[in-house]
Amino acid sequence: MTPEQLRSFCLSFNAAVEEFPFSRHPDVSAFKVVGKIFALTTLDARPLTVNLKCDPADAGRLREGHPELIVPGWRHWNTVTVDGGLPDRLVRELIEDSYDLVVAGLPRAERLRLDRP
């Protein structure tokens with residue numbers, strides 16, 4: 001997955017936006033839905049990685065299955081290397097899972113506006 005493909009996929013979700021909220025790290029892209037981050041990345045970094053929210057029950061399994069490519073992030077987040085070592089399909093699923101977890105934590109009215117119960 002290229003940086004352009006990563007950005008495009010993150011922005012393909014309903015109400016997703018890209019912001020640069022960290023003045024000390026102006027190159028960090030934060031992909032948000034309704035003000036909540038679901039993906040963090042530095043698109044010009046090598047290797048290209050993305051930080052994604054992950055269900056704690058799945059996090060350990062993913063890390064064990066791909067120890068060099070999926071490592072612990074902050075709390076319930078994983079840092080995923082997306083430079084070709086993992087299938088793009090898996091990377092897309094992990095991004096979608098992160099988006100879904102963030103949306104699930106939104107108030108019901110916000111979820112309904114996003115067409116997600």
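Me: Which residue stands opposite Trp-77 in β6?

Reply: Strands here are DSSP runs of E with at least two residues, helices are runs of H or I with at least four, and both are numbered from the N terminus; two strands pair if DSSP finds at least two bridges between them. In this case Lys-53 stands opposite Trp-77, and β4 and β6 run antiparallel, joined by five bridges. This is a predicted model, in which local features need pLDDT of at least 70 and side-chain atom pairs count only at pLDDT 80 or more, while totals for chains, interfaces and linings use all residues. Residues are numbered from 1 along each chain as its sequence is written, and side-chain values use heavy atoms, with hydrogens and water left out.

Me: What other strand is joined to β6?

Reply: Strand β5 (residues 70-72) is joined to β6 by three bridges and runs antiparallel to it, with Val-71 opposite Thr-79. The two form a hairpin with four residues between them, and Arg-75 in the turn has a positive phi of about 50 degrees.

Me: Which way do the residues of β6 point?

Reply: In a regular strand, side chains alternate between the two faces of the sheet. Here Trp-77, Thr-79 and Thr-81 point one way, Asn-78 and Val-80 the other, and all are buried, where buried means under 20% relative accessible area, exposed over 50% and partly exposed in between (1.4 Å probe, protein chains only).

Me: Where does Ser-98 lie, and what is it in contact with?

Reply: Ser-98 lies in helix α3 and is buried, with a relative accessible area of 0%. Leaving aside neighbours within four places in sequence, Ser-98 is in contact (heavy atoms within 4.5 Å) with Phe-38, Leu-52 and Lys-53.
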